[in-house]
Amino acid sequence: MTRLSRDLLKLTPLQRERLDVLFLAQYAPEPGAPRPDMHPEHGVLPRYNHELFHTLTQLGLRCSPCRALEDLVHLRSEPNYVFTLLNRAPFRSSEVFTSAFCEWLEVPYLGAPPNIRALAEDKHLTKLMARALGIPTAPWLVSPAEGPLPAAPDFPGPWFVKPRFGAASAGISEDSIQETEAGLHARLRYFQNLGQACLVEALIPGVDLTVPVLGGPEPLVLGVAEETSALPHGIVTHRQKRLLDGGRERRLVAPGALEARLREHALKLCAAVMEFDYLRVDFRLHRDTGELFLLEFNIGCNLGSHAAVMFLSRQAGFSQADVIEHIVRHSLDRQHRLWNRASFRTAREAER
């Protein structure tokens with residue numbers, strides 16, 4: 001265990017008293033509901049939602065479950081904070097809907113402002129930002145959601161195809177790796193039929209490394225984890241992320257030159273997207289050359305006990321409740337204008 005020298009933030013007594021949290025998640029549980037089973041399609045997601053809901057209530061916070069964006073739009077209550085795990089809905093650009101809607105409601109919310117969230121959701125723009133910051137990325141090209149497919153990449157294969165927008169490795173399978181131009185274009189046509197834009201990247205032989213960071217007056221790097229997969233080229237699929245398939249392992253990367261380089265890159269990116277509550281920056285390490293390549297960064301990454309954020313939090317000596325409380329406190333501080341207005345409304349209503 002490597003303990004960090006800094007303490008995490010705590011909610012103030014007044015914040016605890018006034019917080020009225022709307023818990024927005026696909027499987028948001030009712031209070032007292034039993035721990036759900038694994039879902040045949042969504043795997044650990046219901047358990048994850050249940051776990052986070054009860055972590056918040058165990059912190060002494062009032063939480064109301066909300067399972068759909070339609071319910072958020074037609075709110076009958078007046079929450080003063082939206083803790084959202086519902087990152088996607090079946091319409092285009094849904095990833096930024098909750099944050100934008102909460103800005104309109106003037107209610108603070110988990111995550112980041114809509115413009116920063118949109119940047120994180122777009123892997124093409126993320127790579128352009130990384131390049132401008134001097135953070136290496138693998139060569140790539142963009143394939144549109146409709147229209148002519150791009151010409152063959154001017155960098156050699158094998159190539160890795162993934163959705164331009166998306167998280168939890170959605171759309172990633174062993175078919176994501178293509179070694180011929182015919183196979184590549186067939187894969188791109190598959191995504192076009194789904195109405196999805198894609199990235200085509202040079203496949204970097206090596207392993208994945210992830211760096212979770214907590215927001216705060218100074219962003220706090222929790223550590224670095226190496227994540228390996230038994231699948232070809234070490235790719236990680238959506239089913240593995242949902243714990244429906246095995247074959248993944250995670251280990252702590254010890255302090256040293258590699259860890260220091262990753263921290264430097266992650267903090268450089270954080271400085272460019274400063275308004276966030278927590279995030280995770282993902283890299284690929286070339287097994288032969290030792291080069292690092294940024295893959296993406298994820299605002300709204302998984303906070304479950306099985307995920308990288310909590311794995312590294314435990315290594316640093318923090319509990320899940322410690323981390324969630326820190327994130328909510330920083331989120332309120334970051335949005336102090338919205339919080340002051342929303343908490344005042346809550347206090348005024350309580351006096352009626």
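**Close-up views of the predicted model**

**Figure 1. The residue that follows helix H10.** After helix H10 comes Gly-317, a residue with a positive phi, near 90°. The model shown here and in the other views is a predicted one.

**Figure 2. Helix H10 and what covers it.** Helix H10, which runs over residues 308-315, is mostly covered, with 6 of its 8 residues buried. These buried residues are Ala-308, Val-309, Met-310, Phe-311, Leu-312 and Ser-313.

**Figure 3. The protein chain as the setting for the close-ups.** The secondary structure of the chain consists of 12 helices and 13 strands, and the C-alpha trace spans about 70 × 45 × 40 Å along its principal axes. The radius of gyration is 20 Å, which agrees with the value near 20 Å that a compact globule of 352 residues would have. Of the 352 residues in the chain, 54% are buried, while the accessible surface amounts to about 16,000 Å², with 53% of that area belonging to carbon and sulfur atoms. When contacts between residues at least 6 apart in sequence are considered, 70% of them join residues at least 24 apart.

Methods: Residues numbered from 1 in each chain as written. Predicted model: local features only at pLDDT ≥ 70, side-chain atom pairs only at ≥ 80, totals over all residues. Heavy atoms only, no water. Helix = DSSP H or I, 4+ residues; strand = E, 2+ residues; numbered from the N terminus. Rg over C-alpha atoms; globule rule 2.2 N^0.38 Å. Buried < 20%, exposed > 50% of the residue type's maximum accessible area, 1.4 Å probe, protein only. Contact = heavy atoms within 4.5 Å. Areas by Shrake-Rupley, 256 points an atom, 1.4 Å probe, with all protein chains shown as cover.
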